[in-house]
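Below are some notes for a colleague who is meeting this structure for the first time. They are meant to be read with the structure in view.

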Amino acid sequence: MELIAIAFGAIFVNNVILQQFYGLCPFLGVSTKKSSALSMGMAVTFVITFSTIISYAIYTYILKPNDITYLSTIVFILVIASFVQLVEMFIKRFSSSLYSALGVYLPLITTNCAVLGVAIDTTVNSSKIFGGNENPTLMMVTIYALGISLGYALVIFLFSAIREEMSAYPIKRNWQGIPIALITAFIMAMIFIGFGGIV
Amino acid sequence: MAKKQKSIREIFTNGLFKQNPTFVQFLGMCPTLAVTKSVESALGMGAGVIFVLVMSNLAVSLVRNYVPREVRIPIYIVIIASLVTILEMLMRAFAPDIALLLGTFLSLIAVNCIILGRAEAFASKNGPIKSMADGLGMAIGFTGGITLIATFREIFGAGTFLGMQIIPDTYQISILIQSAGAFLVFGILVSQINKIRMNRADRNEVA
């Protein structure tokens with residue numbers, strides 16, 4: 001039951017884009033077409049889930065016992081950058097169709113702050129998201145990371161569908177592009193506030 | 001000598017207005033929306049970015065001739081992340097309230113695209129003094145941008161400015177200090193700034 005609450009909270013209530021503002025650059029940049037938004041969502045889901053598990057392991061078994069948690073930021077960045085590089089090499093070698101779908105987005109993910117943000121939130125700041133629990137289990141962290149990234153994929157996909165529709169309508173010149181996208185995000189964020197009442 | 005000084009001033013003001021990271025380039029959007037709930041946290045974030053961007057531009061421009069091209073990005077990332085770690089320690093020691101207010105976004109300065117972007121686009125090609133001027137201009141432009149957003153959100157959302165009560169409770173629009181309001185305020189401000197810029201561009205064309 002607790003795990004379901006964590007997953008639901010991560011996908012809807014504390015939605016990574018609309019509530020926590022992680023990963024906005026790709027959100028506004030890539031979300032003009034449904035197909036590219038879907039690929040980006042898949043790539044982000046994969047990278048966030050696995051890099052969070054790796055960061056959690058490093059934090060719990062290396063940084064914390066040795067009392068060097070102040071190194072977390074720099075260690076996590078290196079972990080994420082090398083993990084993304086590894087994934088890129090791996091799918092380039094074994095699946096060219098997957099590479100052509102995700103390839104362009106993978107290098108972008110290194111600087112997507114959602115990845116580092118979730119890694120830091122589940123380790124250093126874990127008491128904030130798990131209700132005061134400073135030692136979350138691996139299961140909780142994995143479910144949270146998966147929920148966050150599914151929430152990311154969901155919102156970026158919905159948003160791209162809205163933007164595709166919107167491109168057919170005349171919009172005043174000074175509102176075109178980013179401003180109207182921000183107003184759309186505002187309306188979506190208000191809708192997502194409604195989920196807060198469920199948990 | 002006079003010519004060189006002018007160019008440094010041009011580099012500096014470039015980041016303030018023409019290439020403003022917040023309203024023109026749309027870089028570093030996550031902190032732009034996340035820390036603008038109050039003017040205090042916006043200024044704290046701005047101070048952090050000024051420190052990291054000036055120092056990272058300086059460091060990158062000093063090592064620019066010794067770094068092989070193929071591995072430059074990882075090296076820049078390590079430089080920036082180390083500076084952010086120093087900043088985290090300094091803030092926790094001397095301004096713990098602001099460090100708490102910024103939370104995870106303090107560490108996330110490390111992946112702020114403005115900083116890596118300036119390292120790659122400017123500091124890796126220019127000398128240390130010009131790079132510092134560029135970093136300072138960009139960082140102050142960013143601080144000004146987020147402070148502007150924060151001013152609107154705090155005054156109309158919470159009725160206060162830097163904690164001082166300005167608008168009575170009944171007339172506050174509390175959605176503006178919730179997460180959703182950030183998108184609204186930022187969207188409106190960008191559209192109005194676009195309007196001013198477009199009008200100016202039209203006038204220049206006619207003239």
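**Notes on chains A and B**

1. Chain A contains ten helices and zero strands, and, read from the N terminus, its elements run α-α-α-α-α-α-α-α-α-α.

2. As for overall dimensions, the C-alpha trace of chain A spans about 60 × 45 × 30 Å along its principal axes. The radius of gyration of chain A is 18 Å, which agrees with the value near 16 Å that a compact globule of 199 residues would have.

3. Within chain A, 44% of the 199 residues count as buried. Of the contacts in chain A between residues at least 6 apart in sequence, 77% join residues at least 24 apart.

4. In chain B, helix H9 covers residues 179-206, and its 28 residues reach 42 Å from the first C-alpha to the last, close to the 40 Å expected at 1.5 Å a residue. The buried residues of H9(B) include B:Phe183, B:Leu184, B:Val185 and B:Phe186, and also B:Val190 and B:Asn194. The buried residues of this helix pack against helix H10 (178-193) of chain A, and also against helix H2 (29-34) and helix H8 (128-158) of chain B.

5. On confidence, the model scores ipTM 0.86 and pTM 0.88, while chain B averages a pLDDT of 88, with 97% of its residues scoring at least 70. Where pLDDT is low, predicted coordinates should not be read in detail.

Definitions and conventions:
Residues numbered from 1 in each chain as written. Chains lettered and ligands numbered in written order. Predicted model: local features only at pLDDT ≥ 70, side-chain atom pairs only at ≥ 80, totals over all residues. Helix = DSSP H or I, 4+ residues; strand = E, 2+ residues; numbered from the N terminus. Expected span 1.5 Å × (residues − 1). Buried ≥ 20, exposed ≤ 12 C-beta atoms within 10 Å, placed from the backbone. Contact = placed C-beta atoms within 7 Å. Rg over C-alpha atoms; globule rule 2.2 N^0.38 Å. pLDDT = per-residue confidence, 0-100.
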